[in-house]
Amino acid sequence: MTLYVRAFKAIVSGYQTTTIAISINPCFLKVRFLSPLSSYSLHCNNHTNEAPPAPLPDSHFQNLIHQIVQEEPWALSDNQPVPDRFRPLITKPELFLRVLNPLKENPRAALQFFWWAEGQPGFNRSEFAYCSILEVLVKHNMMRSACCVVERVVDWNLNGIVDVLIDGYVKMEVAVKLLDLLLWIYAKRSMVEECVLVFDRMIRNELFPNVMNCNRVLRVLRDKSMVCQAQEVYRVMNEVGIKPSVVTYNTLLDLYCKQGKVQQALDLVSEMQSKGYTPTDVTYNILINGLSRNGELHHAKDLIEKMISLGLKVSAYTYDPLILGYFQKGMLEDAINVREEMENRGASPMVSTYNSYLYGLCKHGKMTDARQCLKEMTDRNLAPDTISYNTLICGYCRLGNLKDAFILFDELRCRHLLPTVVTYNTLIDGLCRLGDLEFAQQLKAEMISCGIQPDVFTYTILVNGASKVGNLPMARCFFDEMMHRGIKPDRFAYTTWIVCELRLGDMSIALSLQEEMVAKGFPPDLIVYNVFLDGYCKIGDLQRAHELLQNMVVDGLVPDHVTYTSIIHTYLQVGHLRKARELFNEMQEKCLSPSILTFTVLIHAHACRGMIELAFSYFSEMQEHGILPNVITYNALINGHCKAGKLDEAYKYLSEMKDKGIFPNKYTYTIIINENCNIGNWEESLRLYKEMLDEGIQPDSCTHSVMLKQLLRDQKLHIAQCIENMI
């Protein structure tokens, strides 16, 4: 390549023409109405009876272009087709360069000629042509125009220009500027492979990029989560003497923190300070974000205090991650108190701050507080964005309140905000949770009609929804439609369909899907193994489940609490309580922490068999592990006590769960109502039923069934009338 570049350069630069006197035929000037090129063609066509003209020498093209540039430069912007006689100027790069050469001292004219030629059909887009005009532009410091030309180089995938520049087609100082410019364009377009390639070639040829471009490369690698490559770029910078800036360190810190490598980030800050760099507010904000994401909230809070002591300005960017961190850990009161602290320190909440509160409140089902937060936001003249509405809509959908979710959806559009694919996916998921697949499909059609294309998540939600209502053909139809639209299923989409087949289809299809996953580059992970293991457990095939467990270990995967819980649950269902307890002890010996589900299935299995003391021991152990019981856990204990005839104990647990802020659900009430009906305590049953309605809990057919099951016909009528009056 180097020899070719040098030879090519010699051909172009070696052809030097002296100034030639221009003689212009009067007849030629008369017929040149719009474009000198097209008029020349007309002039030549007067001799149609003569033999075909000989090819024009270079001097003719040079004289013509020079004349146009001097007299009528506007003609080069003409869109008329180029006459055949001038086609070589477009198709032959050597000729084009020889004509361009005399214009090098007139950069604007050279650029105008280049753009005209480059826009013609059939223009030979060689790297040399672009390098030549770029050299002219850089020499005359026309960097904005040079940037436009480099953009075209990238558009046409002329990646060979890197070799041309490095191999000496232009002077070294020009080459460095152009390579820096090329690196900047690649970084701006997030073309990570090209960025790394140019950076590597520049370093190897000692054409060192400036630190700003190194930082751009690091940002691209950060955005692609390429930690090792970013570390290598940083190492090379230090090795060749490119002095890092604070931006360099902040970019690496951001990468480390986003990947959960908080200790590496803290080590880098120490290195940064040892080299004489002072961390800025941005540095601290990045660290606070990383620590908050990692759950190290106390350390994050200490850094905020350090910022204050150093006189650095705190902002919403400082506090937002801490707020989210508190919500993630369920520390709602601490999260709410942060807002007062930040305002006292002059950090005004932004839309992102309120979105953090909306997320946390919705996550914990506090929709009334979330709506109040939205109102406060608008009262402060902060306009909610699509994220604000998506968060609230998601909160309502998770609670099954689709009415308020769609009210917010309409409000979003009334504010002239555009719903996104996330908005539609959230609503479709809410409908699928309620089993309303028909409305979900209508919403998908509306989404497409609005120009928003469904993605892999849309179809995964629909497949899951069809699976939950037991409609396997519909689930398969959604999966096929996704494939037909050219949307490639991801690991989660495949796993969802496998769950569907295990639930409604047969094991052989699920296994073939797993093989397809492997073929598509998705080797089985722990989740897939757990899904299959759960499938075998549900059909009672414990032998295959144990074989799968062994295969999992052979593949280098470590069984987790989900794996063990599936097998424990199966043993409990078939009545092998001792074996289940042995597995429970085994998982703890392997340092696997049982989940709330693990404890709940154990409590339920022992309580419903009258083994109340064992059930209570698991309940106590659960809380010793720092795992808070939920409504399902309490329902299991209440059900066990009711079955054992210990209604007073059941009421004790009902009171305890309320005191802990755990709200009873329809199953809680139905269990206690059932026991009161069993002992003939009708008035208490009715009181509980009324309390249920007052709490906004809708009874179902099961609730009504237990209330009426032992009553005589006249008593049934009386109770039915009472119920009707209550409703």
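What volume does the second largest cavity have? The second largest cavity has a volume of about 30 Å³, and the structure holds 2 cavities of 30 Å³ or more. The model is predicted, so local features need pLDDT of at least 70 and side-chain atom pairs count only at pLDDT 80 or more, while totals for chains, interfaces and linings use all residues. Residues are numbered from 1 along each chain as its sequence is written, and side-chain values use heavy atoms, with hydrogens and water left out.

The overall composition comes next. The protein chain has 42 helices and 0 strands; helices (H or I, at least four residues) and strands (E, at least two) are DSSP runs, numbered from the N terminus. Of the 727 residues in the protein chain, 47% are buried, where buried means under 20% relative accessible area, exposed over 50%, and partly exposed in between (1.4 Å probe, protein chains only). Among contacts between residues at least 6 apart in sequence, 63% join residues at least 24 apart, contact meaning heavy atoms within 4.5 Å.

Helix packing can be followed through one pair. Two packed helices are described by the angle between their axes and the distance between the axes. The axes of helix α6 (residues 93–100) and helix α8 (residues 127–139) come within 9 Å and cross at roughly 10°. Because of that crossing, α6 is roughly parallel to α8. Axes here are lines fitted to C-alpha atoms, for helices over the stretch in contact, and angles run from 0 to 180 degrees between N-to-C directions; those under 35 degrees count as roughly parallel, over 145 as roughly antiparallel, 65 to 115 as roughly perpendicular and the rest as oblique. On the α6 side the contact is made by F96, L97 and L100, and on the α8 side by F128, A129, S132 and I133. By class, this contact has 6 nonpolar, 1 polar and no charged residues, with Ala, Val, Leu, Ile, Met, Phe, Trp, Tyr, Cys and Pro counted as nonpolar, Asp, Glu, Lys and Arg as charged, and the others, Gly among them, as polar.

Rolling a probe the size of a water molecule over the atoms shows where empty space is left. On a 1 Å grid over the protein atoms alone, a cavity is a set of points where a 1.4 Å probe fits but cannot get out, and a pocket is an open set with protein on both sides within 12 Å along at least five of seven lines; lining residues have an atom within 4 Å of a point. Grid points are joined across faces, edges and corners, and a volume is the space filled by probe spheres set on the points. The second largest cavity is lined by L134, V150, V153, I161, L165, L178 and L182. This lining comprises 7 nonpolar, no polar and no charged residues, and α9 (143–155), α10 (161–166) and α11 (172–188) each supply at least two of its residues.

The largest pocket holds about 1200 Å³ of space. It is lined by 24 residues, of which K363, H364, G365, G661 and F663 are the closest to its centre. Helices α21 (351–363) and α37 (631–643) each supply at least two lining residues, and the lining divides into 10 nonpolar, 8 polar and 6 charged residues. The second largest pocket has a volume of about 760 Å³. Its lining has 30 residues, and those closest to its centre are V499, R503, V531, D534 and K538. This lining divides into 11 nonpolar, 13 polar and 6 charged residues.

Individual residues complete the account. In helix α20 (residues 332–344), the buried residues are L332, A335, V338, R339, E341 and M342; they pack against α18 (297–309), α19 (316–328), α21 and α22 (367–379). Just after α20, G346 takes a positive phi of about 80°. N676 lies in helix α39 (residues 666–678) and counts as buried because its relative accessibility is 1%. Beyond its neighbours within four places in sequence, N676 is in contact with L647, Y651, N681, E684, S685 and L688.

Most residues other than glycine have a negative phi, and most peptide bonds are trans. E206 has a positive phi of about 60° although it is not a glycine. The residue is found in the loop between α12 (192–204) and α13 (211–223), and E206 counts as exposed because its relative accessibility is 60%.
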